[in-house]
Amino acid sequence: MSARLRRIAAAVALAVGVAVAAAGCSLLGGASNVPVATDAPPKGTDGAVDFDGGFIVAGSGDKKVDIWFDAMCPVCGAFEQANGTTLADAVDNGDITLRLHPLTFLDALSNGTGYSTRAAAALTCVAVTDENAVLPFYQALFTDQPEENSDGLTDKELAKRASAAGAGDISACLADSGPYQAWAQQNTKDSQKGPIVVDGKKVLDVIKGTPTVLVNGEQYPGGVSDKKAFTTFLNDH
């Protein structure tokens with residue numbers, strides 16, 4: 001087994017293990033090196049963000065695709081690498097609405113920098129600034145993706161990627177992103193309390209790991225790197 005495959009397998013086990021643990025006690029604040037946001041999470045909607053629904057939107061198609069992800073999760077990176085173009089084409093063609101649910105499971109694996117939370121806040125900054133830049137920036141988070149147990153990208157690097165994605169300068173937003181960080185961390189807590197409700201219907205008890213992918217409320221059961229299986233599932237639901 002290659003080193004990358006070993007990392008992905010370990011991340012799957014970690015994501016599931018964290019999910020189980022967080023169901024009993026919150027991961028947030030559970031380790032001394034995990035920064036905990038103390039601001040009040042925003043409510044309502046702003047730009048492409050539905051704060052109450054817990055997601056960020058790209059596209060406007062009738063078919064709904066929901067992805068719960070962590071920016072540091074290598075399995076999420078593998079899913080994006082295999083299926084990102086398929087999803088982007090479906091967004092561009094007006095076939096789907098992509099709803100991104102940023103989570104912060106892996107904050108404890110970024111050497112105290114809270115990278116998962118900061119990346120989620122950066123995506124939120126982009127989404128309230130320019131909805132057209134949401135998908136390009138989401139994709140950029142998985143380009144040369146930081147590995148677990150690294151510091152992750154700095155805020156300056158996140159801002160640079162946001163600008164390259166067409167969002168303009170989000171530096172000021174990142175400097176004052178406490179409410180967005182709190183929102184992402186609250187989403188993570190809520191994902192463990194359950195139930196997971198999509199469009200008024202319960203679809204899952206809790207989120208057991210990332211990525212969790214639903215198409216029109218039905219969970220994709222296949223391999224994260226199986227492009228053919230995901231494309232078939234996307235087309236059939």
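**Reading the sheet and its aromatic pairs**

Tutor: Please keep in mind that this is a predicted model. Let us begin with two strands: E2 (residues 49–50) and E3 (residues 55–58) run antiparallel and are joined by two bridges. Within this pairing, Asp 50 stands opposite Phe 55 in E3.

Student: In what order do the strands of the open sheet lie?

Tutor: The seven strands follow the order E1-E2-E3-E5-E4-E8-E9, and their pairing is mixed. Strands E1 (45–46) and E9 (218–219) stand at the edges with a single partner strand each, so one side of each has no neighbour in the sheet.

Student: Which helix lies across E1, E2, E3 and strand E5?

Tutor: That is helix H7 (residues 178–193), which runs at about 95 degrees to E5 (96–102).

Student: How is a pair of aromatic rings described?

Tutor: One gives the distance of the centres and the angle of the planes. A search of the whole structure finds eight aromatic pairs. In one of them, the ring centres of Phe 51 and Tyr 180 are 5.9 Å apart and the planes are at 20 degrees; the pair is therefore stacked. Because Phe 51 lies in the loop between E2 and E3 and Tyr 180 in helix H7, the pair ties together parts 129 residues apart in sequence.

Student: Is Phe 51 buried or exposed?

Tutor: Phe 51 is buried, with a relative accessible area of 6%. Tyr 180 also counts as buried, at 14% relative accessibility.

Student: Which residue lies over the face of Phe 55?

Tutor: Arg 99 does, at 5.1 Å from the ring centre.

Technical notes:
Residues are numbered from 1 along each chain as its sequence is written. This is a predicted model: local features need pLDDT of at least 70, side-chain atom pairs count only at pLDDT 80 or more; totals for chains, interfaces and linings use all residues. Side-chain values use heavy atoms; hydrogens and water are left out. Two strands pair if DSSP finds at least two bridges between them. Helices (H or I, at least four residues) and strands (E, at least two) are DSSP runs, numbered from the N terminus. Contact means heavy atoms within 4.5 Å. Axes are lines fitted to C-alpha atoms, for helices over the stretch in contact, and angles run from 0 to 180 degrees between N-to-C directions. Rings of Phe, Tyr and Trp (its six-membered ring) pair if their centres lie within 6.5 Å; planes under 30 degrees apart count as stacked, over 60 as edge-to-face and the rest as tilted. Buried means under 20% relative accessible area, exposed over 50%, partly exposed in between (1.4 Å probe, protein chains only). A charge sits over a ring if NZ of Lys or CZ of Arg is within 6 Å of the ring centre and within 35 degrees of the ring normal.
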